[in-house]
Amino acid sequence: VVFTNVANLTDSGVVETEEASAVLDLTAGEQYEIFVSGFNSRGYGFDTAAQAMCQDWIEDCINATIPRALPSEPQNVLVSAPFTTNEFTSSSLFVTWEPPIDANSLGATIDYYKIEWDTSSTMDSLGNQPLSFDATLGSSPETASLYFNIEGLEMGATYYIRVSAHTSLGYGETSSVHSGVPMQQADPPSTVALSLHEGESSELLGTTIDVVFTVPMSDGGDSITAYRVEYAPTSLQRVSAIQSVIVDSTTEGEFTLTLAGETTGTLSTNISVAELKTSIENLLSASTVEVVMSETL
């Protein structure tokens, strides 16, 4: 077996074997030419050039005489949910991830990622394919970015999501399956009625009021577990909560924000205004949010 690195002729060699196979110790990511010839008492015969062959179990493989490895699973997959920094709506979920830990040692560059989703955790609602599968494209959506916004979803339905990385060798391991639910705030009650509380003693009569309201037409895609009834002796004055965070821009750090007993996830001091706004909006206790970033000397 004779092998030659096309780009580096010093990376060449000869391996002799008595078997009909051989294992070559080559450099990952390099293009090789490989030839095999038989030997007998007359010497070496004519050689045959090796042809790369993809195994059937590798999806979307490209034949090449290049030592390569399939990527491991993408890291830190995050699906939109309350208390995250990922925005979501009643019909969309935003997914982010990081490259596989072996991304720089595969012998092939990760060129894009595949995002799959389904309402079944087994990812087979379309026979042996997930709901994200596009028959025209022959694949689920692919992107070169480290994020993807899944749109056109059903409010309140649980979606299962996974991500896999692709190189010229094919798709690697899929990430673990994560889930998310598209949702929004519940509709307001259509009617709220007040009446004197019946059965009170004469001393308490007129000091208690029954508040009766209709269930909202829509729960926003998530079951309503409680209601809040606000009251005040005069017109209700809602007070805005103002929080200031001062950070050293030259040093990376982390912080959290708490509003009415609800706390964000861990946030980086390098977070963008948009990400910080979304993270606060995802708190159950927040409604209208405004974020202003300024520099101090």
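I searched the whole structure for aromatic pairs and found six; rings of Phe, Tyr and Trp (its six-membered ring) pair if their centres lie within 6.5 Å. I looked up accessibility for both: Phe39, at 60%, is exposed, and Tyr44, at 49%, is partly exposed (buried is under 20% relative accessible area, exposed over 50%, partly exposed in between, with a 1.4 Å probe and protein chains only).

I noted that the model is predicted, with pLDDT of at least 70 needed for local features and 80 or more for side-chain atom pairs, while totals for chains, interfaces and linings use all residues. Residues are numbered from 1 along each chain as its sequence is written, and side-chain values use heavy atoms, without hydrogens and water.

I checked Lys114 and found it over the face of Tyr171, 4.2 Å from the ring centre (NZ of Lys or CZ of Arg must be within 6 Å of the centre and within 35 degrees of the ring normal).

Definitions and conventions:
Rings of Phe, Tyr and Trp (its six-membered ring) pair if their centres lie within 6.5 Å; planes under 30 degrees apart count as stacked, over 60 as edge-to-face and the rest as tilted.
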